Amino acid sequence: MKLANLSRSLLRSAAVAVVALGMAGCATAPGSNEADATVSDPLEIPNRFVFAVNETADILLIRPAAEVYVGVVPDPMRQAVHNFIQNLLGPLYIANNLLQGNFEGAQIATGRFMTNTILGLGGLADVATEAGIGDRPEDFGQTLGVWGVGPGPYVVLPFLGPSNVRDTLGYGVDTLADPFRIGTNAAGADNAMYGRTAAAGLDRRSQLLREIDDLRKNSLDFYATARSLYAQQRRAAIANDIAPATPEFPDFDEPAKK
Amino acid sequence: MLMTRRLFLVCAALLAVSSWAGRPAAAQSADPGATAFIQSLGNEAVATFSNKSLSREQAVQRFRTLLYQGFDVAYIGRWVLGRYWNSATPQQHDEYQKLFERLIVNTYADRFVEYSGETFRISGSRVEGEADTMVSTQIVRPNGPPVNVDWRVRKRDTAYKIIDVVVEGVSMGVTQRQEFASVIGQNGGRVEGLLQALRQKVGSAG
């Protein structure tokens, strides 16, 4: 019964995937070398609306919650929560490394997952990072990128924030394939899933309190800044250090004024 | 180089993920002078801002001095404006450059002033573009994982200047450029719209 449900929903997502991939493919071909190349954003008007709603939710609810979390829960405990949540994603990182054909990456991710699960008390301690093997997330959006799928139009998702068509799809696939979700779902422990999601959100937001405050304060157009940062960061994450795209820095004819 | 902390934070802000890895030093003939320049500028920044006896005003002044010593602010300002530079009048250029400098100081000075023990080490360098050198550094923070920051250095005559900063693969120049382009776009392609937004943000250029 559960299985039938799952396979049906997988099938449905596969169909969505094919359509979206087609869209993404079409949307990214031209004009990437132009000096002023901006992020493709045909949905800017609805995106700005969702962005504004997210901002409001953040200022009224999420940011205060994160502040309380930082204020009340001591550092080591928050670190343990962070480690635990990250470790739960280990299997996904392994799978995505394999799908990308990155066997060294898969090996490292496997080593991290085993080490932290066994020596790190089920993932509460990030022993691997302390041993010099840092975390290196690989999600399915990155996998699609490695396979040559372009980002497609920029999309701001409710609550989740900046994304694009490719990464939204990737997020969906990661969510479906997530062993923790499958496990808790099979065990009828959906609350554990929601708990994990809430904790992950709180963890992520609490690490960026100062940063997002600064961005809000110093940006002329926070929406555009977020869009640019997201696009560049994803490109770097997909390239894994291989030949980052660098724009041209011409010597201007007339010397720039002092 | 404390500034990098803020820069990193800027990027980190929107990331669900970050791809971390030490970048291997290219074996190419990158200009060793550029590396030495970054090393000494970084040392000076650390020395300056770890001195907590400075008043805030003094520290901001020092920041400004270091900014001009290390960065080609005018070049960056012009580069960031991109193709809109050509559609602006000379008066607009002047005002824009003043406002741009102020924006940089407002945005980054506090990060230096509130220096809290970051250190850095050079992790490599490579040739970038036609004649620039990308000097890679790793910023080690007291709290949190280290951050990879690349400094794009151009040599003019005998002086080295930074023309872009790339934090974990994210270019500060590109980010600013795309933001400014968006502001101008929202204002019907008029540079005046950007100047207005800048004035509002940093006060009018005196």
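How many bridges pair E2(B) with strand E3 of chain B, and in which sense do the two strands pair? In this predicted model, E2(B) and E3(B), the latter spanning residues 147-156, pair over seven bridges in the antiparallel sense.

## Overview of chain B

Chain B contains seven helices and five strands. Along the sequence, these elements follow the pattern α-α-α-α-α-β-β-β-β-β-α-α.

Of the 206 residues in chain B, 61% are buried. Chain B exposes about 8,400 Å², of which carbon and sulfur atoms supply 51%. Among the contacts in chain B with a separation of 6 or more, 62% involve residues 24 or more positions apart.

## The sheet

The five strands of chain B form an open sheet in the order E1-E2-E3-E4-E5, with antiparallel pairing. Strands E1 (119-128) and E5 (170-171) of chain B stand at the edges; each has a single partner strand, so one side of each is left without a neighbour in the sheet.

Strand E2 of chain B covers residues 132-140, and eight of its nine residues are buried, so the strand is largely enclosed by the rest of the structure.

## Pairing and hairpins

E1(B) and E2(B) are joined by nine bridges in the antiparallel sense, and Ile122(B) stands opposite Thr137(B) in E2(B). The two strands form a hairpin with three residues between them, and Gly129(B) in the turn has a positive phi of about 60 degrees.

A further hairpin is formed by E2(B) and E3(B), with six residues between the strands. In that turn, Gly144(B) has a positive phi of about 95 degrees. Across this pair, Gln138(B) stands opposite Asn148(B) in E3(B).

At the other end of the strand order, strand E4 (residues 159-167) of chain B runs antiparallel to E5(B), and two bridges join them. Val167(B) has Val170(B), in E5(B), as its bridge partner.

In soluble globular proteins, nonpolar side chains tend to be buried together. The largest nonpolar core here has 74 residues, and those with the most contacts inside it are Tyr96(B), Val153(B), Ile162(B), Phe180(B) and Leu194(B). Helix H5 (residues 90-113) of chain B contributes the largest share of this core, ten residues.

Which residues does Leu194(B) touch, leaving aside those up to four places away in sequence? Leu194(B) touches Leu81(B), Tyr96(B), Phe180(B), Val183(B) and Ile184(B), together with Leu220(A).

Conventions
Residues numbered from 1 in each chain as written. Chains lettered and ligands numbered in written order. Predicted model: local features only at pLDDT ≥ 70, side-chain atom pairs only at ≥ 80, totals over all residues. Heavy atoms only, no water. Core = buried A, V, L, I, M, F, W, Y, C linked by side-chain atoms within 4.5 Å. Buried < 20%, exposed > 50% of the residue type's maximum accessible area, 1.4 Å probe, protein only. Helix = DSSP H or I, 4+ residues; strand = E, 2+ residues; numbered from the N terminus. Contact = heavy atoms within 4.5 Å. Pairing = 2+ DSSP bridges. Areas by Shrake-Rupley, 256 points an atom, 1.4 Å probe, with all protein chains shown as cover.
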